[in-house]
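Hello,

Here is the structure I promised to pass on. Have a look at it first, and then read on for what turned up.

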Amino acid sequence: RYILLAIFFSLVFLPTSAIFAEKIKIPGMDRIFAFLYLPKGSDPKTLRSANLVHSKPDEWEYWVNKGVIPSQGKTWFDLLRNPVDKAVEILTTMNYGSNPKPVICIDEFGFDFGGQTDQKTAEILRKTKEKMPNLSVIIWQMRGPIAPVLADAYRDVVDLILPEAYVGDKKDYWHIITQVRAAQLQGLMHKTIIGLGLGIGGNPGENWAETKEELEQQIRFLRLIAPESPGVAFFAAGADRGKPGLLAFADELCGRFDQIPTDGSGLPQDAMALYQTFSKPRTKPTLVVSGRWAEPDRSRQDPGKLVQPKTMRVLLMNLGDKDAETVTIKLKNPASKGGNVFARGTTHVSGKSVAVAALPVTAKWQVWKTWNVEVEATGCEIMTFPQK
């Protein structure tokens, strides 16, 4: 009896993704170490741990014989600027060589937190898988946590999710843990590996893991917050703009991935405190929000065009057991730009879930992503990131 009770409680309180992790290998591997978009002149064949790479169509047999998944890279541009059926045709008629198990790696989806563009994205993915069931689909997920519209499609037809969590140091680790928590709450972590940025990107302010010490700390943090995740991915194009040997060190870390502890050993206290904030049991509703998780509803025809009348869509997470009722969200211009509310809306966020609120736009936003977000919800704890 006691053994049965122990098994019952372990299943009840284990995250959904952890339960499925033992049953599913994505795509056919126990661990995935994705090294994508390498610096110019870098040869993926020199990487010992990499088992997911971009490949030319006629090289797939070489990689498969080495135990590596060869993927064809594809950007979102023509997929989302064409009708759904045309996008499906593009994906299903690409040159995959004669690979009987073709893999497509799409860069990148996640535009408007469940708006028209994300709805179209979900439709493309479902119809592509229906038309070509043997195609494995990998998605780079951008702009923060996965919204429910895409989470549903990813759960049903996507083989691997790579959320972009390109950060510099520990003050930005909230960007990593919120994406992990959203994936866990939606039962996706068993097919999710966080994408880290190596070195320095091509735009101002894109200073990511520039040193070996910072890279190892980020992976230790990942092992702590998502031990059920099957690996890690690297956007590595800027690795040669970091400290020498960064790409080789990432390869080395993957080689000893399973030896990196999952108890937070070696992490600074503030990183551990962030983990505890997101992992401790919470009875009352606890809402997590960020001004960066606000996007205008983007057109089904072209994500570069906004749906009229304009509506902002804001993602929220509830870490608590109880529902958050009648949650009011406001987006405001900063005080230096007038301080006025330019979008307002209400929503309901169930316990331990991810939700999106639609906020009709009533005035002009004067800044981009540096606006202020305010949440009012009786009886709820509110956590806003980045913290000031």
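A residue is called buried when its relative accessible area is under 20%, exposed when that area is over 50%, and partly exposed in between. By that rule Cys254 is buried, because its relative accessible area is 4%. Cys105 is buried as well, at 0% relative accessibility.

Please keep in mind that this is a predicted model. The pLDDT averages 93 over the protein, and 93% of the residues score at least 70. Residues 1–24 are another matter, with a pLDDT below 50; beyond near neighbours in sequence, this stretch has 14 contacts in the model. Where pLDDT is low, the predicted coordinates should not be read in detail.

Back to the cysteines. How many disulfides does a search of the whole structure find? The count is 0. A disulfide needs two cysteine sulfur atoms within 2.5 Å. The cysteine sulfur closest to that of Cys105 belongs to Cys254 and lies 15 Å away, so the two are too far apart for a bond. Seen from Cys254, the closest cysteine sulfur is in Cys105, again at 15 Å and too far for a bond.

Next, the charged side chains. The count of salt bridges comes to 20. One of them joins Arg155 and Asp152, at 2.9 Å from N to O. Both residues lie in helix α7 (residues 148–157), 3 residues apart, which is about one turn of the helix. Arg155 is partly exposed at 35% relative accessible area, and Asp152 is partly exposed at 36%.

Glu216 counts as buried at 18% relative accessibility, whereas Arg256 is partly exposed at 26%. Elsewhere, salt bridges that share partners join Arg143, Glu295, Arg298 and Lys369 into one network.

Now the aromatic rings, where the count is 19 pairs. Tyr173 and Phe221 have ring centres 4.9 Å apart and planes at 35°, so this pair is tilted. Tyr173 sits in the loop between β6 (160–163) and α8 (174–185) and Phe221 in helix α9, so the pair ties together parts 48 residues apart in sequence. Both of these residues are buried. Trp174 and Trp293 form another tilted pair, 6.3 Å centre to centre with 45° between the planes. Trp174 is in helix α8 and Trp293 in the loop between β9 (286–290) and β10 (294–296), so parts that are 119 residues apart in sequence are tied together. Trp174 is buried at 2% relative accessible area, and Trp293 is buried at 1%. Ring pairs also link Tyr37, Trp140, Tyr166, Trp208 and Phe235 into a cluster.

Two lysines sit over rings: the charged end of Lys45 is 4.6 Å from the ring centre of Tyr62, and Lys310 lies over the face of Trp365, 5.4 Å from the ring centre.

Finally, helix α5 (residues 84–92) has buried residues including Val84, Ile90 and Leu91. What covers the buried residues of α5 includes β3 (69–75), α4 (77–80), β4 (103–109) and α6 (116–131).

Best wishes

Note on methods. Residues are numbered from 1 along each chain as its sequence is written. This is a predicted model: local features need pLDDT of at least 70, side-chain atom pairs count only at pLDDT 80 or more; totals for chains, interfaces and linings use all residues. Side-chain values use heavy atoms; hydrogens and water are left out. pLDDT is the predictor's confidence in each residue, from 0 to 100. Contact means heavy atoms within 4.5 Å. Buried means under 20% relative accessible area, exposed over 50%, partly exposed in between (1.4 Å probe, protein chains only). A salt bridge is a side-chain nitrogen of Lys or Arg within 4 Å of a carboxyl oxygen of Asp or Glu. Helices (H or I, at least four residues) and strands (E, at least two) are DSSP runs, numbered from the N terminus. Rings of Phe, Tyr and Trp (its six-membered ring) pair if their centres lie within 6.5 Å; planes under 30 degrees apart count as stacked, over 60 as edge-to-face and the rest as tilted. A charge sits over a ring if NZ of Lys or CZ of Arg is within 6 Å of the ring centre and within 35 degrees of the ring normal.
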